[in-house]
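Good morning, everyone. Today I would like to talk about charged side chains and how they pair, so please keep the model on the screen in view while I go through the pairs one at a time.

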Amino acid sequence: MKLYLIHTGYYDNSVGEGFYEQHTNILIVAKNAYSAREKVKKNKDYIEKKMHIDGIKEIENIDGYNLKLKKTTKKEKINSFNHYQVRFLKSKK
(Lines give C-alpha, C1' and ligand atoms only; values in the text may rest on other atoms or scores of the structure.)
Protein backbone atom coordinates (compact mmCIF):
# COMPACT_ATOMS: atom_id res chain seq x y z
CA MET A 1 0.00 0.00 0.00
CA LYS A 2 1.12 3.53 -0.74
CA LEU A 3 0.25 6.97 0.59
CA TYR A 4 -1.38 9.45 -1.79
CA LEU A 5 -2.20 13.10 -1.35
CA ILE A 6 -5.22 13.98 -3.46
CA HIS A 7 -5.48 17.71 -4.22
CA THR A 8 -9.14 18.52 -4.74
CA GLY A 9 -11.03 21.58 -5.87
CA TYR A 10 -14.63 22.65 -5.39
CA TYR A 11 -16.89 25.69 -5.52
CA ASP A 12 -18.58 26.82 -2.32
CA ASN A 13 -21.58 29.12 -2.81
CA SER A 14 -21.15 30.46 0.74
CA VAL A 15 -17.75 31.94 -0.22
CA GLY A 16 -17.76 34.70 -2.83
CA GLU A 17 -21.02 33.40 -4.28
CA GLY A 18 -19.20 30.30 -5.48
CA PHE A 19 -17.08 32.29 -7.94
CA TYR A 20 -13.70 31.27 -6.47
CA GLU A 21 -12.46 27.72 -6.49
CA GLN A 22 -11.61 26.34 -3.03
CA HIS A 23 -9.04 23.60 -2.49
CA THR A 24 -8.27 20.93 0.05
CA ASN A 25 -6.02 17.88 0.32
CA ILE A 26 -7.19 14.40 1.24
CA LEU A 27 -4.77 11.64 2.27
CA ILE A 28 -5.57 8.20 0.88
CA VAL A 29 -3.88 4.81 1.30
CA ALA A 30 -4.19 2.65 -1.81
CA LYS A 31 -2.34 0.14 -4.00
CA ASN A 32 -1.87 2.58 -6.89
CA ALA A 33 -2.91 6.01 -8.19
CA TYR A 34 -5.97 4.62 -9.97
CA SER A 35 -7.21 2.98 -6.74
CA ALA A 36 -6.53 6.19 -4.83
CA ARG A 37 -8.57 8.15 -7.36
CA GLU A 38 -11.49 5.76 -7.05
CA LYS A 39 -11.27 5.63 -3.24
CA VAL A 40 -11.32 9.42 -2.79
CA LYS A 41 -14.50 9.60 -4.88
CA LYS A 42 -16.22 7.71 -2.03
CA ASN A 43 -15.06 10.22 0.62
CA LYS A 44 -18.00 11.92 2.39
CA ASP A 45 -16.62 15.46 2.01
CA TYR A 46 -15.67 14.83 -1.62
CA ILE A 47 -19.25 13.80 -2.41
CA GLU A 48 -20.98 16.51 -0.33
CA LYS A 49 -18.94 19.37 -1.80
CA LYS A 50 -19.06 17.97 -5.36
CA MET A 51 -15.26 18.04 -5.53
CA HIS A 52 -13.07 17.25 -8.47
CA ILE A 53 -9.46 16.06 -8.50
CA ASP A 54 -6.82 18.62 -9.48
CA GLY A 55 -3.84 16.35 -8.85
CA ILE A 56 -2.48 13.28 -7.09
CA LYS A 57 0.89 12.90 -5.36
CA GLU A 58 2.31 9.50 -4.47
CA ILE A 59 4.43 10.00 -1.35
CA GLU A 60 7.33 7.54 -1.11
CA ASN A 61 9.78 9.41 1.12
CA ILE A 62 10.14 12.75 2.88
CA ASP A 63 13.27 14.51 4.18
CA GLY A 64 15.40 11.41 3.61
CA TYR A 65 12.95 9.03 5.30
CA ASN A 66 11.12 6.25 3.48
CA LEU A 67 7.50 5.78 4.44
CA LYS A 68 6.44 2.30 5.44
CA LEU A 69 2.72 1.84 5.97
CA LYS A 70 1.68 -0.86 8.40
CA LYS A 71 -1.89 -2.19 8.65
CA THR A 72 -3.54 -1.60 12.04
CA THR A 73 -6.90 -2.19 13.67
CA LYS A 74 -6.67 1.12 15.51
CA LYS A 75 -8.96 4.01 14.65
CA GLU A 76 -7.53 6.87 12.58
CA LYS A 77 -5.40 9.20 14.69
CA ILE A 78 -4.34 12.61 13.45
CA ASN A 79 -2.81 15.23 15.73
CA SER A 80 -3.58 18.81 14.74
CA PHE A 81 -2.07 22.05 16.00
CA ASN A 82 -3.80 25.34 15.24
CA HIS A 83 -1.88 28.54 14.47
CA TYR A 84 -2.00 29.65 18.11
CA GLN A 85 -0.67 26.34 19.44
CA VAL A 86 2.13 26.29 16.88
CA ARG A 87 3.46 29.57 18.27
CA PHE A 88 4.03 27.95 21.66
CA LEU A 89 5.51 24.59 20.69
CA LYS A 90 8.56 23.71 22.75
CA SER A 91 11.43 21.33 22.07
CA LYS A 92 11.20 17.96 23.80
CA LYS A 93 14.68 17.13 25.14
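A salt bridge, as I use the term, is a side-chain nitrogen of Lys or Arg within 4 Å of a carboxyl oxygen of Asp or Glu. Side chains of opposite charge can pair when their charged atoms come close. This is a predicted model, in which local features need pLDDT of at least 70 and side-chain atom pairs count only at pLDDT 80 or more, while totals for chains, interfaces and linings use all residues. Residues are numbered from 1 along each chain as its sequence is written, and side-chain values use heavy atoms, with hydrogens and water left out.

How many salt bridges does the structure hold? There are five.

Let me begin with glutamate 58 and lysine 2, whose side chains meet at 3.5 Å, N to O. Glutamate 58 belongs to strand 3 (residues 52–59) and lysine 2 to strand 1 (residues 2–11), so this pair ties together parts that are 56 residues apart in sequence; strands here are DSSP runs of E, at least two residues long, numbered from the N terminus.

Are the partners buried (under 20% relative accessible area), exposed (over 50%) or partly exposed (in between, with a 1.4 Å probe and protein chains only)? Glutamate 58 is partly exposed at 34%, and lysine 2 is partly exposed at 36%.

Next, aspartate 45 forms a salt bridge with lysine 44, with their closest N and O atoms 3.9 Å apart. Aspartate 45 is partly exposed at 37%, whereas lysine 44, at 56%, counts as exposed.

Methods: Helix = DSSP H or I, 4+ residues; strand = E, 2+ residues; numbered from the N terminus.
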